[in-house]
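This report looks at packing and surface features, with the cut-offs behind each term given where the term comes up.

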Amino acid sequence: TRSLSITSGGQLMFEKAQGEKVTLPCTFVLSEEDEGPLDIEWVLIPADNQKKEQIIIMYSADRIYNNYYAATTGRMQFANPDPKSGDGSLDILNLKSADTGTYQCKVKKLPGVQSQKLQLMVFVKPARTKCSVEGSQEIGKDVTLRCASQEGSPLLSYDWRRVSGTHELPATSVLNKNTGELLLKNASQDYSGTYNCVASNRIGTDECSIELNVTPPINTAGIIAGAIIGTVLGLSVLAVLIFCYCKKQKEKKYEKEVHHDIREDVPPPKSRSSTARSYIGSNRSSLGSMSPSNMEGYTKTPYSQVPSEDCERTPGQNPTFATSKVAAPNLSRMGAVPVMIPAQSKDGSIV
């Protein structure tokens, strides 16, 4: 007696790259005894045993149901539009890394039931690989060249090669293919050149390049001495500027104080009355030296009063003599100095 059987028992492991297409086979043969309805299910078995199996597509009662698993909606379909013909293979389009897992094909036509598991590995090609240098690129120092891909499924392998000069890695170099590190011990100028790193996995490769330039050691002592001298000079210039600024401020402060200060050794200004008295006294003394013969011209116009606007009479003056105010031209405009004209009394004496 024959029963339902799955005939696609060959390849059970599939490795594909992200973005590619894969066909998971599931062909079967029905027996005459299988009289029930035909059901074909594809189930994704998660790697975590704590999660339940997820139906991703199903054929039942001459109808296809493919909206069970949102992550694969529009990307999964039966390879044969009519699965009941004996071909229930599954096509997965535009593969993603999340599609990696175990897939099980179940075929049921009562009383016959058969299933088959297939393993799918979706790899991501290495991409955005970057090279870098770590350490001082000086003669006698250890230099490390690093290489890492931003994308790519494990296990990634890295390989360094020299693309200039001898095209061979230095004898002192140590390569770690898993981490992508290339250690160059006790570097010399012969190590200078262009180095290339190739990152690879099962489905593809990616690479990057970097330039290594090994130079003589830098004169650290000279740099330190120059920095110290420059610092000292800078501080000196700053000190001179501060000194000049403070001196200028002191000079401005001193000038301001002198401008507003009242000196005690300067006598106060004379009053108008004392000035007038001294003025009259000086004129009288000058007139006293005149002879009578010279005074004849001054007796023609008697004066009964002396200017008294700004003058004060002293107690010692003779009250019997009358003085008069002299009507004289404006002498200040003429540039002349006003004088007091003596007058002659009745008895002939000059006053």
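Predicted model: local features only at pLDDT ≥ 70, side-chain atom pairs only at ≥ 80, totals over all residues.

Residues are numbered from 1 along each chain as its sequence is written, and side-chain values use heavy atoms, with hydrogens and water left out.

A polar atom of the Gln116 side chain lies 3.5 Å from the backbone oxygen of Pro25. Gln116 belongs to strand E11 (residues 112-123), strands being DSSP runs of at least two residues, numbered from the N terminus. Gln116 counts as buried because its relative accessibility is 11%, buried meaning under 20% relative accessible area, exposed over 50% and partly exposed in between (1.4 Å probe, protein chains only).

## Nonpolar cores

A nonpolar core is a set of buried Ala, Val, Leu, Ile, Met, Phe, Trp, Tyr and Cys residues joined through side-chain atoms within 4.5 Å. The largest such core has 25 residues, of which Leu24, Trp42, Ile92 and Tyr103 touch the most other members. Strand E5 (38-45) is one of the elements that give two or more residues to this core, and E5 gives the most, with four residues. Another core, of 18 residues, lies apart from it and includes Leu145 and Tyr191.

Definitions and conventions: Polar contact = N/O pair within 3.5 Å; in protein donor to acceptor, adjacent residues only side chain to side chain.
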